Amino acid sequence: MAYWLVKSEPSTWSWDQQVAKGAKGEAWTGVRNHTAKANMMKMKKGDRAFYYHSNEGKEIVGIVEIIREHYPDPTDKTGKFVCVDIKADKPLKTPVTLETIKAEAKLAEMDLVKYSRLSVQSVTADAWKLVCKMGGV
C-alpha cells in the first residue's frame with residue numbers, strides 16, 4: 001500500500017462533504033498540475049491518503065481510501081488530466097496543522113513542507129505513521 005495526501009479548500013469540497021458521499025465515494029477531479037497527475041496515475045485501489053484542508057485551516061483532517069484507479073477526468077476538456085475515486089475512511093481525532101508538521105523535525109522532508117502548492121503528494125510510510133500518531137489514529 002502507498003500513502004498520499006490530497007488537498008481541498010473546505011469552501012470548495014470539505015471533509016464533511018466527502019464523508020457524506022459514503023461508501024460510493026466521489027471522483028477527485030479538477031487536478032491541473034502535471035506532477036499531481038503523475039502522482040494520481042501511481043495511486044492504486046486500496047491506497048490511503050490524508051485529506052488536507054488547504055488555504056482555510058491548513059490541516060490534515062482525515063484519511064481517505066482510493067477506491068478506483070486513475071481514469072480520464074470528465075471535467076477536463078483537453079483530455080490531458082486524470083482523476084481517481086476516493087471515499088472517506090476515518091477522521092483524525094485531532095487535526096494536524098501545517099504549523100505542527102513544520103515544527104516536527106522528522107517531517108522536514110515531507111512533500112507538504114517542501115512543495116506546499118502541490119495538490120496531490122506522496123507520503124512516506126514513516127511520515128504516515130507519525131502524522132497518524134499526532135492525529136490520534
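Predicted model: local features only at pLDDT ≥ 70, side-chain atom pairs only at ≥ 80, totals over all residues.

Me: What makes strand 3 and strand 4 a pair?

Reply: The bridge count. Two strands pair if DSSP finds at least two bridges between them. Strand 3 and strand 4 are joined by 6 bridges and run antiparallel. They form a hairpin with 5 residues between them.

Me: How do you know that strand 1 pairs with strand 3, and in which sense?

Reply: Use the cut-off of at least two bridges again. Strand 1 and strand 3 have 6 bridges, in the parallel sense.

Me: What is the order of the strands in the sheet?

Reply: The order is 2-5-4-3-1-6, in an open sheet of 6 strands with mixed pairing. Strand 2 (26-28) and strand 6 (120-123) stand at the edges. Each has a single partner strand, so one side of each is left without a neighbour in the sheet. On average, neighbouring strands of this sheet are turned by 40 degrees against each other, direction ignored.

Me: What makes strand 2 and strand 5 a pair?

Reply: They are joined by 3 bridges, and at least two are needed. Strand 2 and strand 5 (residues 82-97) run antiparallel. Alanine 27 stands opposite aspartate 85 in strand 5.

Me: Which helix lies across strand 1, strand 3, strand 4, strand 5 and strand 6?

Reply: Helix 5 (residues 125-135) does. It runs at about 50 degrees to strand 5.

Me: Why is strand 3 called mostly covered?

Reply: Of its 6 residues, 5 are buried. Buried means under 20% relative accessible area. Phenylalanine 50 has 0% relative accessibility, so it counts as buried.

Me: Why is the pair of phenylalanine 50 and tryptophan 128 called stacked?

Reply: Two tests apply. Centres must lie within 6.5 Å, and planes under 30 degrees apart count as stacked. Phenylalanine 50 and tryptophan 128 are 3.9 Å apart centre to centre, with 20 degrees between the planes. Phenylalanine 50 lies in strand 3 and tryptophan 128 in helix 5, so the pair ties together parts 78 residues apart in sequence. Tryptophan 128, at 8% relative accessibility, counts as buried. Tyr3, Phe50 and Trp128 form one aromatic cluster.

Me: How many aromatic pairs does the structure hold?

Reply: It holds 4. One of them joins tryptophan 15 and tyrosine 51.

Me: What makes the pair of tryptophan 15 and tyrosine 51 edge-to-face?

Reply: The angle. The planes stand at 65 degrees, and over 60 counts as edge-to-face. The centres are 5.4 Å apart, against a limit of 6.5 Å. Tryptophan 15 is in helix 1 (residues 15-20) and tyrosine 51 in strand 3, 36 residues apart. Both residues are buried.

Me: How do you know that valine 61 is buried?

Reply: Its relative accessible area is 9%. The cut-off is under 20%, so valine 61 is buried. Valine 61 is found in strand 4 (residues 59-72). Leaving aside neighbours within four places in sequence, valine 61 is in contact with Trp15, Tyr51, His53, Pro91, Leu92 and Pro95.

Me: Why is asparagine 55 called exposed, but lysine 58 partly exposed?

Reply: Asparagine 55 has a relative accessible area of 54%, and exposed means over 50%. Lysine 58 has 40%, between the 20% and 50% cut-offs, so it is partly exposed. Neither is a glycine, yet phi is positive: about 60 degrees for asparagine 55 and about 45 degrees for lysine 58.

Me: What makes arginine 68 a charge over the face of tyrosine 71?

Reply: Part of the test is distance: CZ of Arg must be within 6 Å of the ring centre. Arginine 68 lies over the face of tyrosine 71 at 3.6 Å from the ring centre. The other part is direction, within 35 degrees of the ring normal.

How values were computed
Residues numbered from 1 in each chain as written. Heavy atoms only, no water. Helix = DSSP H or I, 4+ residues; strand = E, 2+ residues; numbered from the N terminus. Buried < 20%, exposed > 50% of the residue type's maximum accessible area, 1.4 Å probe, protein only. Contact = heavy atoms within 4.5 Å. Axes fitted to C-alpha atoms, helices over the stretch in contact; angles between N-to-C directions. Phe/Tyr/Trp six-rings, centres within 6.5 Å; stacked < 30°, edge-to-face > 60°.
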